[in-house]
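Subject: Structure handover

Hello,

Here is the structure I promised to pass on. Please open it and keep it beside this email while you read.

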Amino acid sequence: MATTNISIRMDSDLKAKADALFSELGMNMTTAFNIFVRQSLREGGIPFEIKVEQPNLETIAAMLEAERIAKDSSAKGYTDLDELFADLKQ
């Protein structure tokens, strides 16, 4: 099988994270890219759904509440799970 070289531009931080992930999976970037292309050809398109994730109103409200609590210096924090669960039962 003849091979050819390709060049891909990618953010260096993204590449480092991808290299680390693929290494954990026992492969390099070339192998991962070849898997992606082969699967794309099998499926006749991108092998996963591409969409903009829009959180629902409940999730947005929870995110805003989490930000508010994180900024609130008077909010109680926990370092002991037993204490947290005891407070949750109240």
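Let's start at a charged residue. Glutamate 53 is exposed, because its relative accessible area is 59% and the cut-off for exposed is over 50%. Please keep in mind that this is a predicted model.

**Salt bridges**

Which residue does glutamate 53 meet in a salt bridge? The partner is lysine 51, with N and O 3.7 Å apart. Lysine 51 also forms a salt bridge with glutamate 49. There the closest N and O atoms are 3.9 Å apart. Put together, Glu49, Lys51 and Glu53 form a network of salt bridges.

Now go to helix α1, which covers residues 12–24. Lysine 17 and aspartate 13 both sit in this helix. They are 4 residues apart, which is about one turn. Their side chains meet in a salt bridge, at 3.3 Å from N to O. Are the two residues buried or exposed? Lysine 17 is exposed, with a relative accessible area of 55%. Aspartate 13 is partly exposed, at 43%.

How many salt bridges does the count come to? The total is 7.

**Helix α2**

Next, look at helix α2, residues 29–43. The helix has 15 residues. From its first C-alpha to its last, α2 reaches 21 Å. That is close to the 21 Å expected at 1.5 Å a residue.

At the start of α2, a side-chain oxygen of asparagine 28 comes to within 3.1 Å of the backbone nitrogen of threonine 30. After α2 comes glycine 44. Its phi is positive, near 70°.

**Aromatic rings**

How do we describe two rings side by side? A pair of aromatic rings is described by the distance of the centres and the angle of the planes.

The whole structure holds 2 aromatic pairs. One of them joins phenylalanine 33 and phenylalanine 36, with ring centres 6.3 Å apart and planes at 35°. Why is this pair called tilted? Planes under 30 degrees apart would be stacked and planes over 60 would be edge-to-face, so an angle of 35° counts as tilted.

Both phenylalanines lie in helix α2. They are 3 residues apart, about one turn of the helix. Phenylalanine 33 is partly exposed, at 33% relative accessibility. Phenylalanine 36 is partly exposed as well, at 29%.

Phenylalanine 36 also pairs with phenylalanine 48. Their centres are 6.2 Å apart, with 40° between the planes. This pair is tilted too. It links distant parts of the chain. Phenylalanine 36 is in α2, while phenylalanine 48 is in the loop between α2 and α3. The two are 12 residues apart. In the end, ring pairs link Phe33, Phe36 and Phe48 into a cluster.

**Helix α3**

One last stop. Where does alanine 62 lie? It is in helix α3, residues 57–71. Alanine 62 is partly exposed, at 44% relative accessibility. Now find aspartate 19, which is 43 residues from alanine 62 along the chain. The C-alpha atoms of these two residues are separated by 33 Å.

Best wishes

How values were computed
Residues numbered from 1 in each chain as written. Predicted model: local features only at pLDDT ≥ 70, side-chain atom pairs only at ≥ 80, totals over all residues. Heavy atoms only, no water. Salt bridge = Lys/Arg side-chain N within 4 Å of Asp/Glu carboxyl O. Buried < 20%, exposed > 50% of the residue type's maximum accessible area, 1.4 Å probe, protein only. Phe/Tyr/Trp six-rings, centres within 6.5 Å; stacked < 30°, edge-to-face > 60°. Expected span 1.5 Å × (residues − 1). Polar contact = N/O pair within 3.5 Å; in protein donor to acceptor, adjacent residues only side chain to side chain.
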